[in-house]
Amino acid sequence: MLPKLDIDLVEIKGAACCGFPLNSIDNLTWTYLTARNLALCEDQHLDMLPLCNGCHLSMCEVKHALQANPALKERVNALLASEDLRYEGVARVRHVIEVLHDDIGPEKIQKAISKPLAGLKFAAHYGCHALRPSELGRPDDARNPKKLETLIGALGARWDIYPERLDCCGAGIAVSAGESSLKIAGAKLERLRTAGFDALVTTCPFCMRMYDARQEAIGALLGGATSFPVFYYTQLLGLCMGVDEASLGLHLNMSPVGEVIQKFQARTS
Amino acid sequence: MVVRSSDLDLGFIEEVSKISGQAVKSCFQCGTCTGTCPSGRLTSLRTRTIIRKSILGLKKEVLSSPALWECMICFKCHEQCPRGVNIPVVMLALRNLAVREGVSPPEGYPKMAKSVFEEGAVQPPQEVVTRDFESFNRVSLKLPALSKPADFGKFSRALGEIGLRKFIGG
């Protein structure tokens, strides 16, 4: 979707995992893996756009840590030297929400869409790492973020805030306490079903996995009443710009998105 | 519970503070962290207690506690902490220390570490089944191959040097 709004996307050659889950095992391993991806961006003269909140937070945290600790930076660079890479800290890191809201802007999005999402109400889910820890500087305000709702409004759709808006999706304990993580995600879905929303919207793949891909498992655990449509923001953006469903990957959402797509198509035909 | 002075490692909190870079001892046990914690409502994690036990020096008990691995690293506690302690970072430091002391983390972690070491990602690309029961993989979705380190030997050598091989039992 971003190329359609004049943002060029290029794959980083040689990139690997940012190592976020491995931070629990060994901080240096994670620092090295994240710095490595940043060094690759520097080498290829690219700004970085991590699609995942966790990756984005990793990039920002490691940039900060290596700036504050020159000895650590040199240690990391000694390891990177074997691949002829060097980390200086000059690669810019952007978040999808920042690119959409700050770089492209709601007005340009509004002008770019051909079919507004009128008559549908969406609940925004930012995800913890898009908002916290606030002192590091995150894409939006930790206590009262507004950008994702503004972006939803730019599509012609309604939005509303809800008490659980800033709640975590539970991904962080998916590995260690799987049932609890599903219950945490399920709690938000249960609430949204009866609060008059048509769907949940997010930009983070890990949150998406908890709310969408794991929805069946959540239903099995909590007893069924958690089925609820979940979209990536860019999927809705694409629908409004007339992009076909297959290109948007709408056949891959595990949640019942068909209902919302039908409502959307009924209103514009 | 009875705490004996022989249970206490008085250097533990200094080690934790140094590795995490946090002034953990500034905690005055207000309990806002536990009150905020979304995991603790469903798991055995009592954030305040972990900090208290760390400050007291109950090293073995803290490092072997399953609660360490029940923190979601969501940072809600950190946003609310009146002392500004970055508690998730302290949790991560405690996890690192636990692993170094030979504690086994939840099994997903060694699996992910092995996958990063061998494939460059926490898991290899999966085949998916859609809600209409069709199967797809990256090839059938016409997606390009995932990027990987150009020279895998050098990549895994660097990880091995940091010590990842030891952790995954290689």
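The radius of gyration used here is taken over C-alpha atoms, and the globule rule is 2.2 Å times the number of residues to the power 0.38. This is a predicted model: local features need pLDDT of at least 70, side-chain atom pairs count only at pLDDT 80 or more, and totals for chains, interfaces and linings use all residues. Residues are numbered from 1 along each chain as its sequence is written, while chains are lettered from A and ligands numbered from 1 in the order in which they are written.

**Stop 1: chain B**

Select chain B. A compact globule of 170 residues would have a radius of gyration near 15 Å, but chain B has 20 Å. Its C-alpha trace spans about 60 × 40 × 25 Å along the principal axes. Colour by secondary structure: chain B has 9 helices and 2 strands. Helices (H or I, at least four residues) and strands (E, at least two) are DSSP runs, numbered from the N terminus. The order along the sequence is α-α-α-α-α-α-α-β-β-α-α.

**Stop 2: helix α8 of chain B**

Select residues 152-162 of chain B. In this helix, α8(B), the buried residues are B:F155, B:A158 and B:L159. Buried means that 20 or more other C-beta atoms, placed from the backbone, lie within 10 Å of the residue's own. Look down the axis of α8(B): the buried residues fall within an arc of 95°, so they line one face of the helix. The arc is that of the directions from the helix axis to the C-beta atoms. Their cover includes α1 and α3 of chain A, together with α7 (108-119) and α9 (164-167) of chain B. Step past the end of α8(B) to B:G163, whose phi is positive, near 120°.

**Stop 3: two helices of chain A**

Select α1 (residues 27-43) and α3 (residues 70-80) of chain A. They pack at about 70°, with axes 10 Å apart. That makes α1(A) roughly perpendicular to α3(A), a term for angles of 65 to 115 degrees. Show the side chains. From α1(A) come A:T31, A:Y32, A:A35, A:R36 and A:A39, and from α3(A) come A:L72, A:V76, A:L79 and A:L80. These residues divide into 7 nonpolar, 1 polar and 1 charged.

**Stop 4: where the chains meet**

Show both chains. Here 40 residues of chain A are in contact with 46 residues of chain B; contact means C-beta atoms, placed from the backbone, within 7 Å. On the chain A side, α1 and α8 (178-193) are the elements giving two or more residues. The largest share, 4 residues, comes from α1(A).

Note on methods
Axes fitted to C-alpha atoms, helices over the stretch in contact; angles between N-to-C directions. Parallel < 35°, antiparallel > 145°, perpendicular 65-115°, else oblique. Contact = placed C-beta atoms within 7 Å. Nonpolar A, V, L, I, M, F, W, Y, C, P; charged D, E, K, R; others polar. Buried ≥ 20, exposed ≤ 12 C-beta atoms within 10 Å, placed from the backbone.
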